[in-house]
Amino acid sequence: MKKYLFLLLCVPAIVGCTTKNVTEVVYRTTTVSYVYQVDSWNYSNLSSQGSPFANNYFYAKADFPELTADVCRNANIQVYRVRDGYQHVLPEVQHYEQQIDAENWKFFTQTVDCIYGPGWIEFDVTHSDFEYESDLSYVPEAMQFRVVITE
């Protein structure tokens with residue numbers, strides 16, 4: 001009787017531990033890439049709730065008609081920042097230092113990222129200290145981006 005009880009308990013454990021390999025066969029893929037040059041940045045300091053100075057960042061929004069709803073749902077979309085002849089996958093995080101005077105330094109992190117939806121893409125730059133001065137010393141430099149869509 002113990003043997004049957006043991007076998008009865010082992011069967012669900014063996015059946016529950018099976019693996020299934022799923023392979024998707026792709027017959028045709030298409031890859032296209034687009035290059036965007038951002039020379040000027042817009043500034044936003046509003047949070048999603050509308051309070052000022054809660055979410056300081058710079059952005060550049062561009063029309064992107066190739067990003068249809070179908071592409072946004074089904075394609076593989078990868079965005080790179082092109083810098084120094086190389087592609088850097090977004091989000092890109094870089095650490096910087098800035099000398100304020102002979103004895104004082106400022107350290108901050110710059111994050112470059114993007115969001116997109118059907119018909120548009122937005123490139124965002126955020127500094128870790130969330131500061132912004134009227135002299136525009138924090139405005140990001142011009143940047144080039146490459147968007148690669150694989151369907």
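Counted up, that comes to two helices and nine strands. Keep in mind as you look around that this is a predicted model.

Now let's turn to the way some of these strands come together. Strands of a sheet pair through backbone hydrogen bonds, and they can do so either parallel or antiparallel. Here, four strands form an open sheet with antiparallel pairing, and their order in the sheet is β1-β9-β4-β5. At the edges sit β1, covering residues 31-38, and β5, covering residues 86-89; each of these edge strands pairs on one side only. If you compare the directions of neighbouring strands in this sheet, ignoring which way each one runs, they are turned by 30° against each other on average.

Strand β9 spans residues 143-150, runs antiparallel to β1 and is joined to β1 by eight bridges.

Finally, step back to the protein chain as a whole. Of its 151 residues, 28% are buried, meaning that they have under 20% relative accessible area. The accessible surface of the protein chain comes to about 10900 Å², and carbon and sulfur atoms account for 54% of that surface. Contacts tell you about the fold too: among those with a separation of 6 or more, 57% are between residues 24 or more positions apart.

Definitions and conventions:
Residues are numbered from 1 along each chain as its sequence is written. This is a predicted model: local features need pLDDT of at least 70, side-chain atom pairs count only at pLDDT 80 or more; totals for chains, interfaces and linings use all residues. Side-chain values use heavy atoms; hydrogens and water are left out. Two strands pair if DSSP finds at least two bridges between them. Axes are lines fitted to C-alpha atoms, for helices over the stretch in contact, and angles run from 0 to 180 degrees between N-to-C directions. Buried means under 20% relative accessible area, exposed over 50%, partly exposed in between (1.4 Å probe, protein chains only). Contact means heavy atoms within 4.5 Å. Accessible areas come from the Shrake-Rupley method with a 1.4 Å probe; for residues, only the protein chains shown count as cover.
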